[in-house]
Amino acid sequence: MSDQVKQIVIVGGGSAGWLTAGVIAADHRAGSDDGLQVTVLESPDVSPIGVGEGTWPTMRDTLRRIGVSEADFIRECDASFKQGSRFDGWVDGSTRDRYYHPFVLPHGYTETNLVAGWLERHADVPFADLVSFQPHLCAQGKAPKQAATPEYAAVANYAYHLDAGKFGLFLRKFCTEKLGVRHMLDHMVGIKTDENGNIAHLQTKSNGAVTGDLFVDCTGMQSLLLGQHYGVGFRSQKHVLFNDTALALQIRYPDESTAIASQTIGTAQSNGWIWDIGLPTRRGVGHVYSSAHTSDEAAERELRDYVSRTGGPRELGSPRKLTFNPGYREKFWHRNCVAIGLSAGFIEPLEASALALVELSAAMLSDEMPVNRATMDIAARRFNDAFTYRWGRVIDFLKMHYVLAKRSDSEYWRDNVRPESIPDRLSEQLTLWRHQPPSRYDFYRTEEVFPSASYQYVLYGMGFRPDPRPASRRADDAGRADGFFREAAAMTGKMLAALPTNRDLIAHIRRNGLPRI
Ligand SMILES: Cc1cc2nc3c(=O)[nH]c(=O)nc-3n(C[C@H](O)[C@H](O)[C@H](O)COP(=O)(O)OP(=O)(O)OC[C@H]3O[C@@H](n4cnc5c(N)ncnc54)[C@H](O)[C@@H]3O)c2cc1C
């Protein structure tokens, strides 16, 4: 490697590799003489994982940053709009057990203590339905914007559901044709280090040595550079989040006019949960479960029952089985190698945090791109600190969904509330949240993966009821909160009348595109 950082080599052409390439190439003028040179080395022998269809609203910023047109993305990646998640059967498993985690902040969130107002006067209404118009949009299959709303702008905050295979190909085409990224289709067979232990070059099957100054490991769960070559340790989280296996199916709609769901639906099962994601041309459905608690056959039976209960076809192919070891690396950046994506870690797909972490990693790497080797270790320390914190918060947030469940119908749900399976910080916060709502004092970093509002939606959606404070403060004024609840209801009425359905807006965009700013 040279002292100046000029050449970035990304190994892996899955969603992580191409998103990282896109962000760095767009930010650092990869195509120009004075820009960075960005190469993606992708094996023709190892396919990308091909799942990962739910995203977080950060994806809008990332795609805009890379410079792609939103309409092209929607057309070519079979994408639809996602306005949050709906959780069915998580609290007690009854048929009425359902709540939303929408993306829009509660109306009046920073103005007053809405939680106190909710508990005092409206405790019989689901929290999210009272403080936000978005669950009502989701319930009616509405889009988060109008045909006249420009690309990436929103009436209601949104993310996407997308076809993972098409997404990788779309990004590859854009990065190579528009951003000057070099694409090398070859299999990496070895890694050579210099006398300081930095990676000097990669050996490939057909193209010889590939040199670089900074190497990004996007090789998926194998973690060939950071995990296998450098032997950076893995922090297993199986004792906290038990799910380690998934069975995935793609199923067709009964007909072309079937509504496209505006949210991911996560339905609790006896030993895991089922995701249900609506794309314009099909649904992606999968059962994530703990292999220590159930068998593949039993999990498949529950998946098939779910599909037939929810309007799926009678004839189904065999589901695709995926296994994973929940956890993350002890560090993510070591010497001149950074791991992004599955190579850095993976925890089950509840709340779709994996691609959000990829985007945050790519953005921080690009923003903090070291100019030379001398500053690289400083950037690495900051990166490792940021992502160790973020993985911890993702784990706390996901575990909270299980800890608050009142289900005791299987060993799985009973094991999930065992105190030794609950991270200390989460236990502590749950104690505090008995008396005060989650707030910015709990999540004080500038870019939290899940903000305090997300914790409120899930906490109260799961039936957690805080004790009222002994003394009321101005911020606990139920009258002020009522004003915001009335405004949220008025906004609901207006938006339901003005917004098209998800299906209608996507059909319009596929035909006519969206206005560009
Ligand atoms: C069941 C399941 C459901 C998921 N659902 C979601 C979700 O809803 N939302 C979400 O955000 N995330 C989800 N994820 C995670 C998501 O799929 C990944 O984070 C995302 O696809 C990124 O994967 P990747 O690019 O890191 O790895 P991969 O897609 O595995 O790509 C690895 C790349 O490395 C290359 N490679 C491997 N070996 C070599 C070699 N020797 N030489 C050169 N190249 C090599 C391969 O060719 C491939 O291109 C899910 C994951 C699972 C398992």
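The model is predicted, so local features need pLDDT of at least 70 and side-chain atom pairs count only at pLDDT 80 or more, while totals for chains, interfaces and linings use all residues. Residues are numbered from 1 along each chain as its sequence is written, and side-chain values use heavy atoms, with hydrogens and water left out.

I begin with the cores. A nonpolar core here is a set of buried Ala, Val, Leu, Ile, Met, Phe, Trp, Tyr and Cys residues joined through side-chain atoms within 4.5 Å. Buried means under 20% relative accessible area, exposed over 50%, and partly exposed in between, with a 1.4 Å probe and protein chains only. The largest nonpolar core holds 142 residues, of which Phe73, Leu202, Leu225, Leu365 and Met400 touch the most other members. Helix H11, residues 373-403, supplies the largest share of this core, 14 residues. Helices (H or I, at least four residues) and strands (E, at least two) are DSSP runs, numbered from the N terminus. A separate core has twelve residues, including Leu249, Ile251, Ile265 and Val307. As general background, nonpolar side chains in soluble globular proteins tend to be buried together.

What does leucine 365 touch, leaving aside its neighbours within four places in sequence? With contact meaning heavy atoms within 4.5 Å, its partners are Thr20, Ile24, Leu214, Val216, Trp333, Val338, Ile340 and Phe383.

I turn next to helix H14, residues 452-461. Nine of its ten residues are buried, so H14 is largely enclosed by the rest of the structure. Among the buried ones are Tyr455, Tyr457, Val458, Leu459 and Tyr460. The buried residues of H14 pack against strand S5 (98-102), helix H4 (114-121), helix H5 (127-131), H11 and helix H13 (424-432). After H14 comes glycine 463, with a positive phi near 90°.

Now to the packing of H11. Axes are lines fitted to C-alpha atoms, for helices over the stretch in contact, and angles run from 0 to 180 degrees between N-to-C directions. Angles under 35 degrees count as roughly parallel, over 145 as roughly antiparallel, 65 to 115 as roughly perpendicular and the rest as oblique.

H11 and H14 pack at about 20°, their axes 9 Å apart. That angle makes H11 roughly parallel to H14. On the H11 side, Arg393, Asp396, Phe397, Met400 and His401 meet Ser454, Tyr455, Val458 and Leu459 in H14.

Between H11 and H13 the angle is about 55°, and the axes are 9 Å apart. The two helices are therefore oblique to each other. Tyr389, Arg393, Asp396, Lys399, Met400 and Val403 of H11 make this contact with Arg425, Leu426 and Leu430 of H13.

Finally, the two aspartates. Leaving aside its neighbours within four places in sequence, aspartate 482 contacts Arg121 and His122. Aspartate 385 lies in helix H11 and counts as partly exposed at 45% relative accessibility. The C-alpha atoms of aspartate 385 and arginine 96 are separated by 42 Å, and these residues are 289 apart along the chain.
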